[in-house]
Amino acid sequence: MKKSIFIGAFAATSLVAGVAQAQQTLEAILDRGELNCGVSTGLAGFSAPDANGVWQGFDVAKCRAVAAAILDDPMAVNFVPTTGQTRFSALASGEVDMLARNTTWTFTRDIDLRLTFVGTNYYDGQGFMVPREIGVSSGMELDGATVCIQTGTTTELNLADFFRANGMEYEPVPIETNAEAQQQYLAGACDVYTTDVSGLAATRASFGEPDDHVILPEVISKEPLGPVVRDGDKNWEGIVRWTLFALMAAEELGVTSANVEELAQGTDSPEINRLLGSEGDFGDMLGLDSDWAVRAIAASGNYGEIFAANIGEQTPIGLARGLNAQWTQGGLIYAPPFR
Amino acid sequence: MSTTTEQRVSTTPPKKGFTLSMLLYDQRYRSITIQVFFLFLLMLGAAWLIDNTVNNLRAQGKDFSFAFLGNPAGYDISQRPIEYNSQMTHGRAALVGLLNTLILAVMACVLATVLGVIAGVLRLSNNWIVGRLMTVYVEVFRNIPTLLWILIFGAIMTEAMPAPSAFRGDDPASSMLFNDAVAVTNRGVYVPAIMFARDLGTLTIGPVSPSISWILVIFIVAGSIWANKLLINHATRVQNATGVRPKTWWKSILILVGPLALYFFLLGAHLDYPELTGFNFSGGTHLRNSLIAMWLGLGIYTGAFVAENVRSGILAISRGQTEAAFALGLQPGKTMRLIILPQALRVIIPPLISQYLNITKNTSLGLAVGYMDLRSTLGGITINQTGRELEGMMLMMLIYLAISLTISGGMNVYNSRVKLKER
Amino acid sequence: MSNIEAHTVAYVRDTMLPEQTPPITEKGAVKWLRENLFSGWLNSVLTVLSLLVIWWALAAIGPWLLNTIWNAGSLRECREILDGTPGACFAVINDRWHQLLFGFYPSQHYWRPTLAFVLLLASLAPVLFTNLPRKLLYVSAAYPFVAYHLLWGGSIWLPVSAALGFVAGFVAFVFARRVNGLLAVFAAVLAPIFWWLFLAQPFNAGLSSVLPIGLEFVRSDRFGGFLISLVIGVTGISLSLPLGILLALGRQSDMVFVKSVCVIFIEFIRGVPLITLLFTASLLLNYFLPPGTSFDLILRVIIMVTLFAAAYMAEVIRGGLAALPRGQYEAADALGLDYWKAQRLIIMPQALKISIPGIVNTFIGLFKDTTLVVFIGLLDPIGLSNAIRADTDWNGIYWELFIFIGALFFLFCFGISRYSMYLERKLKTDHR
């Protein structure tokens with residue numbers, strides 16, 4: 001019996017070690033020396049560990065920029081893989097400081113779930129992918145089809161609405177992870193795979209024969225995807241939001257990871273100066289130092305660079321900028337002024 | 001207790017008065033003290049938890065309410081035992097999930113019992129090869145997690161079966177079984193369904209609306225079985241009185257089959273065969289992959305445990321019983337049926353029921369293969385779409401608890417009924 | 001008699017006949033076959049059926065299993081080597097076995113979990129084998145702290161300071177016992193709590209800064225594969241044993257209130273699926289704790305698994321208590337032992353011995369159930385098989401992974417169950 005009493009010490013020890021005190025998010029991160037960032041369990045191009053176990057991708061770059069702004073180290077991020085089901089609890093419980101995962105900004109999530117969407121870093125929409133051989137060219141021809149969906153997302157709600165609105169029948173096959181959904185789709189257990197178009201493109205790129213599959217033209221929903229933080233910490237919300245805007249503004253103003261150090265010395269453009277901290281004290285207002293944006297941009301480049309490196313047309317994912325071009329180029333990416 | 005107190009107690013009569021120390025040292029009061037202390041601690045703990053919960057809910061700006069059950073669910077469920085569409089409420093979705101849980105549980109319990117009894121009896125058979133084969137079955141299935149078995153059966157269904165498109169064309173790669181009656185595809189198994197040409201419509205009882213035709217089928221079957229029992233009782237009485245047992249087998253068959261056949265004929269029952277139309281087969285009954293994987297996974301896995309229960313139940317019956325039966329000239333089959341099994345059942349049933357409980361609880365693994373049970377609807381998509389973890393989880397746990405308590409309550413009734421009457 | 005015979009029978013044989021060889025059907029392989037395989041028409045049919053099943057299984061799996069590829073970098077490469085012939089691609093095991101065993105535990109530290117596992121077996125020995133020197137029990141008592149340090153690492157002073165709490169409790173007990181028995185119990189409970197709350201932290205911090213020794217810290221999220229199954233299973237079962245004993249005693253107690261609380265707890269836990277408890281750990285536990293508290297998911301899972309196993313353990317031990325003859329209780333009373341002494345010296349040693357098969361079964365069940373943590377995002381072997389399949393190299397590989405995982409589980413569970421049977425026979429001291 002003595003042994004079992006002693007084993008109790010194990011739990012007690014871990015408990016003492018594990019309990020963290022409640023405090024402001026920024027202080028907590030500075031104390032910890034690390035940013036806890038919730039990402040998806042693996043979606044090529046957006047967030048997935050590479051062969052060495054280092055997380056890479058569009059969403060991951062966002063976390064690294066925030067970590068660089070706060071901690072001066074883009075690698076000081078602890079990535080917490082979350083599923084569609086666990087992501088909001090992980091955020092609400094403080095397990096992660098921010099979610100940089102393909103999370104759609106919706107009314108209920110914003111208001112009812114008390115989350116704060118700091119902005120949109122990718123404008124997406126839900127689409128369908130089918131094997132080329134079944135010869136379907138439009139979503140309207142999908143009556144009676146078996147559709148693979150990932151559960152715990154807005155996808156299943158949009159899907160129900162789409163088929164209902166068009167008076168069509170379908171057979172949903174709910175699946176937990178993207179990988180398993182791909183597998184079922186490839187095995188022919190469903191005719192159609194539906195998720196955000198960007199996700200479809202990423203999935204298709206990972207197939208052995210990408211050309212055997214087509215993404216149908218219908219986009220059945222608006223999916224503004226963006227980073228999410230908890231309600232109630234205004235300062236932290238500001239840091240994440242304005243890091244995102246800094247990356248966007250940097251692209252608009254022509255600041256890249258290559259020239260950011262040089263431009264930080266001071267330029268003729270007051271806006272760049274304010275962004276990069278050589279003028280004004282914006283960093284101070286966030287509780288950071290004046291170089292915060294310089295570090296964020298230097299981490300993996302401005303918005304355009306991140307896009308091109310992870311999901312752009314030169315990558316296997318091959319997504320066009322489309323809606324995600326700068327507003328000056330006819331897109332929707334529009335950072336409020338740094339003033 | 002030191003010796004001095006004992007001496008004092010023995011020499012002077014006990015005081016009438018009540019002293020505070022008696023709460024600790026007097027056997028009569030000590031248990032009350034302990035219980036009060038325990039109660040105090042427990043209430044303190046509960047208050048702490050509730051206070052935390054209230055604070056946390058307030059911090060997240062949530063209230064505690066089950067109103068979300070009345071809101072439209074918005075998602076679709078593939079297997080719908082009752083009418084359901086995405087415009088119906090979360091409560092309705094939870095009910096669909098609960099029914100799916102119960103359907104799966106009953107199917108798996110039947111499979112596990114059948115397999116378990118066969119394997120348990122065969123494991124004791126004199127046949128060397130059969131005995132070994134059953135041992136392998138029991139040990140292999142018992143020692144590998146049920147989740148793995150479910151995934152394996154799921155993978156067999158999706159990976160090893162042909163897609164519906166393989167049935168298409170002039171020279172299809174796959175063909176249907178049993179004279180085009182059954183189609184085994186990687187989306188599930190399509191079997192013919194019984195349809196009525198003159199259907200009697202549906203009955204509405206609260207949230208469910210079962211078909212009258214099928215309710216009548218249940219009544220007719222129950223009635224036939226009851227009538228058959230009367231017939232057999234009568235035969236036994238005649239045998240007791242005259243010593244000759246009248247032949248009843250053809251009457252039994254007539255009573256059991258006749259009314260149902262007549263009923264089916266009157267209602268114009270016919271088989272609806274599955275047919276390949278568009279993307280999928282239509283018509284017939286669609287047993288989805290998820291259901292089949294769960295059914296086989298749970299049924300065969302638990303069957304191994306049931307086999308062990310059956311075996312130990314049979315072994316628990318003393319060897320003398322078998323020998324006595326042989327001495328009476330009973331054949332091995334009859335010995336098993338008339339002497340051993342009735343006695344062994346008393347030992348077998350309680351663990352069997354707890355296996356049924358396990359099956360019911362394990363249906364909650366449905367999500368692994370996308371089976372829309374209670375856990376996937378109420379405990380999965382609903383919680384996730386509404387953000388009501390606390391309420392949803394509590395409700396789900398209470399429902400599971402109610403099912404479990406019902407089953408174990410049934411077991412207690414059975415136990416008290418078959419208990420050996422001891423004098 | 002012989003006289004009559006001699007008169008009536010013409011010839012009497014007075015030597016033994018030479019032994020005849022038994023009929024062909026009654027000896028050797030034929031007799032064995034006849035008795036064991038073809039003793040009746042039913043048996044013959046069963047035999048033929050069994051042979052057909054075996055043949056069918058071998059024909060289906062045999063060629064695939066025999067034609068095995070062990071060296072390839074991806075499934076595609078593997079299929080090229082196989083060139084259309086059926087064959088298993090166990091190269092995935094060759095490529096990823098370390099992940100299936102250790103998860104993402106840093107590979108240069110693989111010796112740590114391995115050593116912890118070996119030490120686990122070693123420290124179990126004195127508990128199970130009573131003929132080993134009793135002093136070895138101290139080694140077993142130290143094991144949890146050693147294992148914690150081996151697995152997680154960090155400062156060595158953390159487990160040391162935790163262990164010192166128990167020492168403090170023991171010392172307080174010994175000193176206070178001279179004054180009063182009841183006081184001693186209070187002291188034994190309060191001293192460690194006081195130590196952990198107020199003194200352990202400074203002690204730990206102080207020594208860590210003066211003597212910063214210890215293994216490199218490994219985060220919980222690096223744990224995975226069979227390592228996580230074992231960590232959860234072993235801690236869950238060892239923590240649930242004392243809890244289960246208390247619950248079982250509480251359920252048998254005369255105190256109505258204590259009894260009903262124990263009954264409600266046990267029946268509640270046994271009535272809900274483990275997966276709902278795991279979801280409680282991952283989704284709800286944070287609601288029940290003070291705002292802002294958050295601790296490791298693995299620890300939360302261990303807590304829930306411990307509560308879960310404790311309820312089952314309580315029922316097993318209750319069975320053991322019920323199986324003890326009434327006379328044992330009465331004998332303990334007759335000796336004048338108080339409740340705890342009677343439990344410690346008379347009842348529990350016997351009840352636990354009777355319960356060993358049940359305890360082992362609970363452990364095997366719990367170990368298999370650790371696979372459910374995949375639903376809350378922990379990477380147990382099944383979770384890792386999903387992760388491996390998500391990799392483009394191994395997208396679409398099922399059977400090889402399932403066979404490997406299944407075989408390891410089988411070896412482990414089968415081994416334990418056989419061992420417990422042996423233990424049961426060895427410990428059996430009655431004369432049945």
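## Helix H17 of chain C

The buried residues of H17(C) (buried meaning that 20 or more other C-beta atoms, placed from the backbone, lie within 10 Å of a residue's own) pack against helix H6 (146-160) of chain B and, within chain C, against strand S2 (88-89), helix H5 (91-102), helix H15 (339-369) and helix H16 (381-390). These buried residues are Glu400(C), Leu401(C), Ile405(C), Phe409(C) and Cys413(C). Helix H17 covers residues 399-427 of chain C, 29 residues in total, and spans 41 Å from its first C-alpha to its last, close to the 42 Å expected at 1.5 Å a residue, where the expected span is 1.5 Å times one less than the number of residues.

This is a predicted model, in which local features need pLDDT of at least 70 and side-chain atom pairs count only at pLDDT 80 or more, while totals for chains, interfaces and linings use all residues. Residues are numbered from 1 along each chain as its sequence is written, and chains are lettered from A and ligands numbered from 1 in the order in which they are written. Helices (H or I, at least four residues) and strands (E, at least two) are DSSP runs, numbered from the N terminus.

## Where chain B meets chain C

In the interface between these chains, 46 residues of chain B are in contact with 43 residues of chain C, contact meaning that the C-beta atoms of two residues, placed from the backbone, lie within 7 Å. Among the elements that give two or more residues to the chain B side are helix H3 (27-59), H6 and helix H13 (389-418), and H3(B) gives the most, with 12 residues. The chain B side divides into 28 nonpolar, 13 polar and five charged residues; here Ala, Val, Leu, Ile, Met, Phe, Trp, Tyr, Cys and Pro count as nonpolar, Asp, Glu, Lys and Arg as charged, and the others, Gly among them, as polar.

## Two domains in chain B

The domain assignment of chain B, which is automatic or from a database, gives domain 1 (66-189 + 284-423) and domain 2 (193-272). The C-alpha centres of the two domains lie 27 Å apart, and their contact takes six residues from domain 1 and five residues from domain 2.

## Strand S1 of chain A

Strand S1 (residues 35-40) of chain A is mostly covered, with six of its six residues buried. Six bridges join S1(A) to the parallel strand S4 (residues 77-82) of chain A, and two bridges join S1(A) to strand S5 (residues 98-99) of chain A, also in parallel; two strands pair if DSSP finds at least two bridges between them. Cys37(A) has Phe79(A) as its bridge partner in S4(A) and Met98(A) as its bridge partner in S5(A).

How values were computed
A residue is buried if 20 or more other C-beta atoms lie within 10 Å of its own, exposed if 12 or fewer, and partly exposed in between; C-beta atoms are placed from the backbone.
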